[in-house]
Amino acid sequence: MPAIETSAVQRTAPVSGIKRTKSGFERKITLFGVLFALPWIVGLLLFHAFPLIMSAYYSMTSYSILEPGEWVGFANYKTLFQDEVFWISIYNTLYYTVIFVPLSIVVGIILALLLNLKIRGQGIYRTLFFIPSLVPPIATTIIWLWLLNPQFGLVNYWLDKIGIAGPPWIGSEFWSKPSLILMSLWGTGQAVVIYLAGLQDIPQDYYDAAHVDGAGPWQRTRTITLPLLTPVIFFNLIMGTIGALQNFVLPYALTNGQGTPANSMMFYVMYLYRNGFGYLKMGYASAMAWILFLIVVLLTAIIFSSQKRWVHYQGKE
Amino acid sequence: MATRKGLGAVQTVLIHAFLIVVGLFFLSPFLWMVSTSIKPNSELFLWPPKWIPDVMEWSNYPKAIDYIPFFKYLANTVTIAGLATVGVLLSCPLVAYSLARIPWKGAKPLFAVTLMVMMLPYQATMIPIFIAFKNLGLVGTKMPLWFPAFFGAPFYIFLLRQFFMGLPKELEDAARIDGASEMRIYGQIMLPLCRPALLTIALFQLMGSWNDYQGPLIYLSDESQYTLMLGVQGFKTQHSAEWQMMMATLVMITFPIILLYFFVQKAFIRGITFSGIK
């Protein structure tokens, strides 16, 4: 987690002699604190806490939009665990997360290292790599659908030129997820910006000292750059994992919500959406939502608890 | 990899070559979109593909605008994005100010909860919120897509709070001693100072609403209410698509964002790096 200052909160009220006045002042400060935070306190309850609890409740009912649900206990969860598509969607989502997140970190760091070198035209290169991340996700899906068209697509034309018979990409059970990962990598410009800022935070003195000691560029990268970049990697790992588990727009738009071929593009949230808004099985979908919530909490906790072993925070702050 | 003495000539050439090749990989889908958007029908399925068509069919653009009610969808999108942006601009700085600058006991726990909510998946609360809006008869209207913004958004509150924390604390102590009210300290001292951060959150909310797909997909069923992201799917037919018109529309919905980026680059970069570094 980023280092967060909390000192201002503990700042005490200005010195005042009489106790009654002080508590009066404190009461006033509390009143203002609550008043200013009121929109969010209401929003927190209305749009986050209450819905999360209601979601747990609905998951125990057979609620559908058409008819009021009945209490069914854990039946939705039991059915889910026997639902083949549920497991397929979990497999697809984990496949995507486990390959995409580490790959995006490696690609992001390599690009950031290159874009941090002192060479001419760096501003142009940085813009070049950043522009795809500004393209709306829906536009990304349509552009790539066209690029990866097996018959007329640009990608297979290029592959053809170097003597490779291009695969059918998203039309194939085997290639659909790798295609999706390729598209997602195309939009990693934001992560590159974060790594770049992290790189620029590393004091030049460290490199100078290592240089004096005779460390080569590779050694300097391995012993100075990467360890000092671990807090940023950690942040991207957490956010990337949470985002990948909720992967929806790209596969949904690519397959018109079908998850084809053969459910190979049926991701967890897509199946949740289909149950809730396609089949109107809101109770069933709520059970899926809660399982997703628990998976996110669990994975976040695991990543957090691992940080002691590999994340190096500098002494500052 | 940064060296004090700089790079050798051979290394520099290799790095340029690598960056150009990979850079072209990153840029080519984008250029291909522009190229397809001005192709006539006869050149769409040309093999080998051509980057610059022999005949430039600029009429794909007006045709696309007529094919889907482009301006109607644009108006819907702008309405949602505009209202949501006003919403976060009104609510988030207030909350962030309370969390960062008012020394009350609840600030710390509330901030901790805010950080947790930042990680809460959208789907965990999606269904009960939908059901509530349904019961209020608001599903099918744009309201569910902008109304919650008036109650704050955790990431923006976090970003603004960090910004407020960085301001010197003497600012409001002096004003408080002078007897200025909290509202005046906030409105006349703090808000003007955090203008750059406000620009960043406005930008992110605008972009978020502009790009949003899942929200409109769930809430908007009537075509007259569609946003551009839902509308652009209208070019897809059963087994094919109106590729040129679709690409022309994509150019029109992508370029405003890229233009915006070139105008307020700093605000963009600030928003992206803030979360990762500070």
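Tutor: Let's start with residues 185–207 of chain B: this stretch is 96% helix and 0% strand, with its end C-alpha atoms 31 Å apart. (Helices are DSSP runs of H or I of at least four residues, strands are runs of E of at least two, and both are numbered from the N terminus.) Keep in mind that this is a predicted model, where local features need pLDDT of at least 70, side-chain atom pairs count only at pLDDT 80 or more, and totals for chains, interfaces and linings use all residues. Residues are numbered from 1 along each chain as its sequence is written, while chains are lettered from A and ligands numbered from 1 in the order in which they are written.

Now for the record. An unreviewed UniProt entry lists residues 185–207 of chain B under "transmembrane region", along with 12–34, 73–97, 109–133, 145–164 and 243–264; such annotations may be inferred rather than shown by experiment. Take residues 109–133 of chain B from that list: the span is 88% helix and 0% strand, and its end C-alpha atoms lie 29 Å apart.

Stepping back, chain B is divided into domain 1 (9–57) and domain 2 (63–277), with bounds from an automatic or database domain assignment. The C-alpha centres of these two domains of chain B are 34 Å apart. Their contact draws 7 residues from domain 1 of chain B and 6 from domain 2 of chain B, where contact asks for C-beta atoms, placed from the backbone, within 7 Å. On the domain 1 side, helix α1 (residues 9–37) of chain B gives the largest share, 4 residues. By class, that side of domain 1 of chain B has 3 nonpolar, 2 polar and 2 charged residues.

What about chain A? Its secondary structure comes to 14 helices and 0 strands. The C-alpha trace of chain A spans about 85 × 75 × 35 Å along its principal axes. Among chain A contacts between residues at least 6 apart in sequence, 67% join residues at least 24 apart.

As for confidence (pLDDT, the predictor's own per-residue score from 0 to 100), chain A has a mean of 89, and 92% of its residues reach 70 or more. Within chain A, helix α3 (residues 75–81) is highest at a mean of 97, and helix α1 (residues 7–10) is lowest at 44. Over residues 1–18 of chain A, pLDDT stays under 50, and the model has 25 contacts there beyond four places in sequence.

Methods: Two residues are in contact if their C-beta atoms, placed from the backbone, lie within 7 Å. Ala, Val, Leu, Ile, Met, Phe, Trp, Tyr, Cys and Pro count as nonpolar, Asp, Glu, Lys and Arg as charged, and the others, Gly among them, as polar.
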